[in-house]
Amino acid sequence: MITLNRDSPEAIYQQLFNHFKGRILGGEMKAGTRLPASRALADELQISRTSVVNAYAALENAGLIVTRERRGLFVVDKLPTLYAEWMLSDGDFVPSSAAK
């Protein structure tokens with residue numbers, strides 16, 4: 001279930017982005033999982049479709065989801081290296097590219 005705080009200073013699309021990012025990086029949403037259609041999710045959450053579209057765009061820009069033409073949005077088959085490194089870190093995360 002997705003819980004959004006309408007009183008938060010954080011934008012709705014950002015909360016939605018963080019929700020899906022957490023589920024993807026936490027392994028709850030596996031590779032190939034289809035995300036809900038933007039209109040259906042907006043209706044379900046009673047928010048504007050624009051908020052959903054913006055959250056999905058941010059997820060795609062982060063390399064966490066991919067659009068498959070005429071099929072929808074799906075969790076990527078392989079997480080970007082940076083996220084994989086972060087997930088394996090013990091909390092003191094330094095990207096391998098910055099450690100050189």
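**Reading a predicted fold: core, hairpin and confidence**

Student: In this predicted model, which residues is L59 in contact with, once its neighbours within four places in sequence are left aside?

Tutor: With those sequence neighbours left aside, L59 is in contact with F17, F20, K21, L35, L64 and I65.

Student: Which residues touch the most other members of the largest nonpolar core?

Tutor: That core holds 21 residues, and L16, F20, L35, L41, Y56 and L59 touch the most other members. At least two core residues come from each of α1 (12-25), α2, α3 (49-61) and β2, and α1 gives the most, with five residues.

Student: Is S38 buried or exposed?

Tutor: A residue counts as buried when its relative accessible area is under 20%, and S38 is therefore buried, because its value is 14%. S38 lies in helix α2 (residues 38-45), and, leaving aside neighbours within four places in sequence, S38 is in contact with R49, V52, V53 and Y56.

Student: How many bridges join strand β1 to strand β2?

Tutor: Four bridges join β1 (residues 65-68) to β2 (residues 72-75), and the two strands run antiparallel; T67, for instance, has L73 in β2 as its bridge partner. The two strands form a hairpin with three residues between them, and R70 in the turn has a positive phi of about 65°.

Student: Which elements of the chain have the lowest and the highest mean pLDDT?

Tutor: The lowest mean pLDDT among the elements, 58, belongs to helix α4 (residues 81-88), whereas α2 has the highest, 97. For the chain, the average pLDDT is 85, and 79% of the residues score at least 70.

Key:
Residues are numbered from 1 along each chain as its sequence is written. This is a predicted model: local features need pLDDT of at least 70, side-chain atom pairs count only at pLDDT 80 or more; totals for chains, interfaces and linings use all residues. Side-chain values use heavy atoms; hydrogens and water are left out. Buried means under 20% relative accessible area, exposed over 50%, partly exposed in between (1.4 Å probe, protein chains only). Contact means heavy atoms within 4.5 Å. pLDDT is the predictor's confidence in each residue, from 0 to 100. Two strands pair if DSSP finds at least two bridges between them. A nonpolar core is a set of buried Ala, Val, Leu, Ile, Met, Phe, Trp, Tyr and Cys residues joined through side-chain atoms within 4.5 Å.
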